[in-house]
Amino acid sequence: MDLLHDDAIADLPKVEYAGPASKDPLSFRWYDPDRLVEGRPMHEHLPFAACFWHVMRNTLGDPFGRGTALVPWDDGTDSLDNAERRARVFFALLQRLGIRWYCFHDHDVAPEGDSVASQRAAMEHMTGVLDDLQTQTGIGLLWGTACLFAHPRYAHGAATSPDVQVFAHGAGQVRRAIDATQALGGRGYVFWGGREGYSTLLNTDVARERAQYARLLHLAIEHADTTGFEGTFYIEPKPREPSLHQYDSDVEATLNFLREFGLEDRISLNIETNHATLAGKSMGHELRMAAAAGMLGSIDANMGDAHAGWDTDRFPTDLYLTTDIMLVLLEHGGLETGGLNFDAKRRRESMEPIDLLHAHIAGMDTFARGLLVAAAIREDGRLSDFMHDRYASWESDLGQGIMAGTVSLRDLESQAAQSEPTPRSGRQEMLEAIVNDILLSAT
Ligand code: XUL
Ligand code: CO
């Protein structure tokens with residue numbers, strides 16, 4: 001497929017694999033899409049997606065200063081022309097990077113307008129534009145979502161608002177966003193409840209609000225069942241920011257919420273690294289908890305900062321982190337309909353268009369290298385052998401009987417009277433050293 005040429009980024013090169021020795025910062029040193037790892041090409045292990053909101057709509061402003069991003073293609077208006085230009089530049093950038101998937105919020109791509117009718121018209125127009133760009137480039141929609149947190153009407157939440165009219169607006173927006181996602185062949189649809197929580201318990205009925213949130217999710221599923229939308233629904237846990245507390249605060253709380261309201265068979269999880277950090281958990285913890293429950297759906301691939309207690313959404317450049325993520329994914333057999341969505345933004349100081357290439361290259365190479373290290377750890381086998389040995393006693397008749405439910409407390413008391421367990425080390429430091437050795441030697 002020919003590259004889309006947009007004048008605004010015509011000077012940005014196509015990024016190619018050049019190997020670990022390359023000193024060209026606009027080349028991949030590790031991401032070699034067709035290289036086989038454990039019998040599958042890298043691009044299948046690493047279904048990278050770029051997000052429209054950070055790439056095209058984030059001006060890189062912060063609470064102390066306005067945006068710094070240089071966006072020569074963007075005239076700053078809410079016109080459809082401008083929206084079309086942004087969409088073209090976005091696809092052109094993804095082509096330069098060889099990224100095959102993207103994600104959007106409704107209002108990232110289509111002007112919000114001032115009425116439901118104008119929003120519907122704008123969304124339908126932009127759906128046509130995106131559809132053409134998908135056909136021209138072969139890039140597909142990983143997931144769509146509705147922005148139910150930016151407009152002032154959603155200050156108290158959308159689904160969890162105390163005002164039923166606000167719920168109606170949120171529900172209408174969800175309907176339009178699901179329809180657009182379906183029209184674009186999207187593989188999934190995400191709910192992220194940024195304001196589905198509270199600022200103070202003095203004015204909040206948490207039982208009512210959680211039930212309202214669940215009701216919106218059921219309405220979305222019912223809608224999908226009538227229109228034939230077959231994509232996967234996901235919830236994206238996050239404990240806070242912008243709310244003080246969000247009801248879908250981490251993986252385990254979200255699983256509880258889904259099960260309480262009978263949603264677990266229809267909604268899976270989209271897990272984001274920086275949200276895990278804010279929840280006081282590691283990404284490895286969140287992924288393994290979801291995988292253990294059969295609910296690991298998709299990943300928002302970014303990272304936080306150890307020194308900041310907020311959602312910095314950095315590009316993932318920590319090799320230890322990507323190695324751990326890829327260990328989980330290899331073990332899990334990959335993501336069925338999900339992907340690795342760079343829900344990540346450049347630093348405010350990285351304001352040039354070319355930084356969009358550098359940032360994604362860094363994220364993609366770090367994941368590719370993490371994949372190679374994870375595969376080497378699995379091939380080496382010392383970690384899995386250790387894990388296997390650690391639980392070996394459970395393979396005994398006693399262990400199997402306990403798990404099969406054929407052994408009683410009385411039996412176990414008699415068993416305990418006959419033997420005293422020998423203490424065995426967990427060898428954490430030894431295992432960490434093995435990981436370090438492989439991390440630095442895998443190629
Ligand atoms: C916010 C966040 C969102 C969701 C989609 O922290 O992660 O961008 O991914 O609404
Ligand atoms: Co996210």
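A cavity is a set of grid points where a 1.4 Å probe fits but cannot get out, and its lining residues have an atom within 4 Å of a point. In this predicted model, a search of the whole structure finds two cavities of 30 Å³ or more.

**Second largest cavity**
- The second largest cavity holds about 30 Å³ of space.
- Its lining consists of His54, Val55, Leu60, Phe315, Ala344, Lys345, Arg346 and Leu356.
- Sorted by class, five of these lining residues are nonpolar, one is polar and two are charged.

**Largest cavity**
- The volume of the largest cavity is about 110 Å³.
- It is lined by 14 residues, of which Leu148, Phe191, Trp192, Gly193 and Glu196 are the closest to its centre.
- At least two lining residues come from each of strand S6 (188-191) and helix H7 (206-227), and S6 gives the most, with three residues.
- The lining comprises nine nonpolar, three polar and two charged residues.

**Asp300**
- Asp300 counts as buried because its relative accessibility is 0%, and buried means under 20%.
- Beyond neighbours within four places in sequence, Asp300 is in contact with Trp143, Glu236, Asn270, Ile271, Glu272, Thr273, Asn341 and Asp343.
- With one of these residues, Asn341, Asp300 forms a side-chain polar contact of 2.9 Å.
- Trp143, another of the contacts, is 157 residues from Asp300 along the chain, and their C-alpha atoms are 11 Å apart.

How values were computed: Residues are numbered from 1 along each chain as its sequence is written. Chains are lettered from A and ligands numbered from 1 in the order in which they are written. This is a predicted model: local features need pLDDT of at least 70, side-chain atom pairs count only at pLDDT 80 or more; totals for chains, interfaces and linings use all residues. Side-chain values use heavy atoms; hydrogens and water are left out. Buried means under 20% relative accessible area, exposed over 50%, partly exposed in between (1.4 Å probe, protein chains only). Contact means heavy atoms within 4.5 Å. A polar contact is a pair of N or O atoms within 3.5 Å; within protein, one must be able to donate a hydrogen and the other to accept it, and residues adjacent in sequence count only if both atoms are side-chain atoms. On a 1 Å grid over the protein atoms alone, a cavity is a set of points where a 1.4 Å probe fits but cannot get out, and a pocket is an open set with protein on both sides within 12 Å along at least five of seven lines; lining residues have an atom within 4 Å of a point. Grid points are joined across faces, edges and corners, and a volume is the space filled by probe spheres set on the points. Helices (H or I, at least four residues) and strands (E, at least two) are DSSP runs, numbered from the N terminus. Ala, Val, Leu, Ile, Met, Phe, Trp, Tyr, Cys and Pro count as nonpolar, Asp, Glu, Lys and Arg as charged, and the others, Gly among them, as polar.
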